[in-house]
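Student: I am new to this structure and would like to learn how its features are read. Could we go through them slowly, one at a time?

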Amino acid sequence: MAASSSNDAKLIVERTPGTIVTTLHPHDVLFGRNLPAPYCSHPGRVFYRGVIDDHVWDYFVSKRSFKSVYHSGIVMREIAARDPAGRYLDPAPRSGGTASGGKKQAWVVLSETEASKRIKECLKKTAARYKKRYPDRVSELLEKKNREENNGNSNGGGSNASASTSKPTSDPSA
């Protein structure tokens, strides 16, 4: 029973923002640029990128006023729903060695606020990349959104409302 309590305490410490960790589990989300190959293909990072890709299309058609907050929350809930829940980790700055004294990469546990900020940034950059790569798909989604909004504003009225589509960024309700 004492061992169980010890393991629980260790998990709490390892999840505390600012804590340095050297042991990764498969659900950890690894942030950082120019990571060595083993870290780029880490299962938690691959899962995270997949979740971002799954939600980027919905991100396009969300209202500007809440889209980044809403979608970053969805991504965070999907990471938290894994068993065990993923942690958000950033490479620790190197100061002549690592936390374990060996050659293991040390990682800093990020706070939820910092993780949310990174997720929002990733959604924004991924959306910009998709907009360049798939302009027809983006236009199609935005036109569909405008048609639905126009039909909703005219209480399900005529199809002429969709003829006057405007730029999605000039949405007065956003």
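Tutor: Let us begin with surface: accessible areas come from the Shrake-Rupley method with a 1.4 Å probe, and for residues only the protein chains shown count as cover. Here the accessible surface of the chain is about 10,800 Å², and carbon and sulfur atoms hold 53% of that area. This is a predicted model, in which local features need pLDDT of at least 70 and side-chain atom pairs count only at pLDDT 80 or more, while totals for chains, interfaces and linings use all residues. Residues are numbered from 1 along each chain as its sequence is written, and side-chain values use heavy atoms, with hydrogens and water left out.

Student: How many helices and strands are in the chain?

Tutor: Helices (H or I, at least four residues) and strands (E, at least two) are DSSP runs, numbered from the N terminus. The chain has six helices and four strands, arranged along the sequence as α-β-β-α-α-α-β-β-α-α.

Student: Is Ser116 buried or exposed?

Tutor: Buried means under 20% relative accessible area, exposed over 50%, and partly exposed in between, with a 1.4 Å probe and protein chains only. Ser116, which lies in helix α5 (residues 112–133), has a relative accessible area of 12% and therefore counts as buried. Across the chain, buried residues make up 33% of the 174 residues.

Student: Which residues is Ser116 in contact with, leaving aside its neighbours within four places in sequence?

Tutor: Contact means heavy atoms within 4.5 Å. With those neighbours left aside, Ser116 is in contact with Ser72 and Met76.
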